[in-house]
Amino acid sequence: MGDIDDALERAGQEAFTKAPPKTLKGQISYLLGQLKTAKAVAAELGITADSVNRYRRGARKHPPRHIQDKIDAAVRARWQPRVRKRRQQQAATTGGITVETRAQFGYTAPIGTTDDARLRRLTVHLPPEYARRLFDAHAQGAGDQQMRDIVAEGLQEVYFKDGGRRAAQLHVTLRDIDYIDVSF
């Protein structure tokens with residue numbers, strides 16, 4: 001998973017209207033409800049079905065850190081899918097997304113202007129068209145580079161070209177991402 005992929009996952013989790021289960025028993029019970037069998041939960045987490053049942057009963061209360069992280073991630077990935085989908089649909093049709101990033105931007109520009117890559121920190125609201133393209137690419141399992149290109153194009157049009165009012169021949173690429181955060 002890439003930088004933008006992770007940012008979209010975090011943004012989806014911010015849409016939760018109710019917090020996911022916090023206790024180990026609650027998390028395991030939720031996963032059992034979703035996946036139906038201890039064997040399926042065990043396969044998802046990379047542990048044995050007996051361990052899943054021990055966690056569910058409360059016989060084991062403290063899994064190793066890496067297992068606890070897997071449990072948390074599995075619960076968050078399945079928690080409130082309709083709420084997450086509704087927020088994505090709203091962003092893709094009317095609201096758009098806000099991208100906050102610190103990254104190196106490369107430029108292709110006409111002769112007489114600089115094309116040196118620069119590290120910039122930007123917070124830009126992108127229109128729904130870019131949100132829709134980004135969500136579609138994410139849903140189709142697109143690579144990080146393809147999603148970077150969509151974000152770079154959006155930043156190019158909205159921030160650098162100011163909606164077509166300046167820098168008409170500028171082409172922007174998104175290079176080294178220090179961090180990126182997406183909200184919708």
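Leaving aside its neighbours within four places in sequence, which residues is Gln156 in contact with?

## Gln156 in helix α8

In this predicted model, Gln156 is in contact with Lys161, Leu170, His171 and Val172, once neighbours within four places in sequence are left aside. Gln156 is placed in helix α8. The residue is buried, because its relative accessible area of 7% falls under the 20% cut-off.

## The largest nonpolar core

The largest nonpolar core holds 32 residues, and the members that touch the most others are Ile97, Phe105, Leu134, Phe135 and Val151. At least two residues of this core come from each of the helices α1 (3–13), α6 (81–95), α7 (128–139) and α8 (144–160). The strands β1 (97–108), β2 (118–126) and β3 (171–183) likewise each supply at least two. Helix α8 gives the most, with 6 residues. In soluble globular proteins, nonpolar side chains tend to be buried together.

The surroundings of Ile97 can be described individually. Apart from neighbours within four places in sequence, Ile97 is in contact with Ala91, Val124, His125, Leu126, Ala131, Leu134 and Phe135, and also with Val182, Ser183 and Phe184.

## Helices α2 and α5

The axes of α2 and α5 come within 10 Å and cross at roughly 50 degrees. An angle between 35 and 65 degrees counts as oblique, and α2 and α5 are therefore oblique to each other. Their crossing is left-handed.

On the α2 side, the residues that meet α5 are Leu24, Gln27, Ile28, Tyr30, Leu31, Gln34 and Leu35. Their counterparts in α5 are Gln68, Ile71, Asp72, Ala74, Val75 and Arg78.

## Aromatic pairs

The structure holds 4 aromatic pairs. One of them is formed by Tyr30 and Trp79, whose arrangement is edge-to-face, with 5.0 Å from centre to centre and 65 degrees between the planes. This pair links distant parts of the chain: Tyr30 belongs to helix α2 (residues 24–35), whereas Trp79 lies in the loop between α5 (65–78) and α6, 49 residues apart. Tyr30 and Trp79 are both buried.

Phe135 and Phe184 also form a pair, with ring centres 5.1 Å apart. Their planes stand at 75 degrees, so the pair is edge-to-face; the cut-off for that class is over 60 degrees. Phe135 lies in helix α7 and Phe184 in the segment after β3, so the pair ties together parts that are 49 residues apart in sequence. Phe135 is buried, as is Phe184.

## The cluster around Tyr159

Phe105, Tyr159 and Phe160 form one aromatic cluster. Of these, Phe105 is among the residues of the largest core that touch the most other members. Tyr159 is placed in helix α8.

Is Tyr159 buried, partly exposed or exposed? Tyr159 has a relative accessible area of 32%, which lies between the limits of 20% and 50%, so the residue counts as partly exposed. Not counting residues up to four places away in sequence, Tyr159 touches Arg120, Leu122, Val124, Gly154 and Arg166. The C-alpha atoms of Tyr159 and His125 are separated by 9.0 Å, although the two residues are 34 apart along the chain.

Terms used
Residues numbered from 1 in each chain as written. Predicted model: local features only at pLDDT ≥ 70, side-chain atom pairs only at ≥ 80, totals over all residues. Heavy atoms only, no water. Core = buried A, V, L, I, M, F, W, Y, C linked by side-chain atoms within 4.5 Å. Buried < 20%, exposed > 50% of the residue type's maximum accessible area, 1.4 Å probe, protein only. Helix = DSSP H or I, 4+ residues; strand = E, 2+ residues; numbered from the N terminus. Contact = heavy atoms within 4.5 Å. Phe/Tyr/Trp six-rings, centres within 6.5 Å; stacked < 30°, edge-to-face > 60°. Axes fitted to C-alpha atoms, helices over the stretch in contact; angles between N-to-C directions. Parallel < 35°, antiparallel > 145°, perpendicular 65-115°, else oblique. Left-handed = near helix turned anticlockwise from the far one by under 90°.
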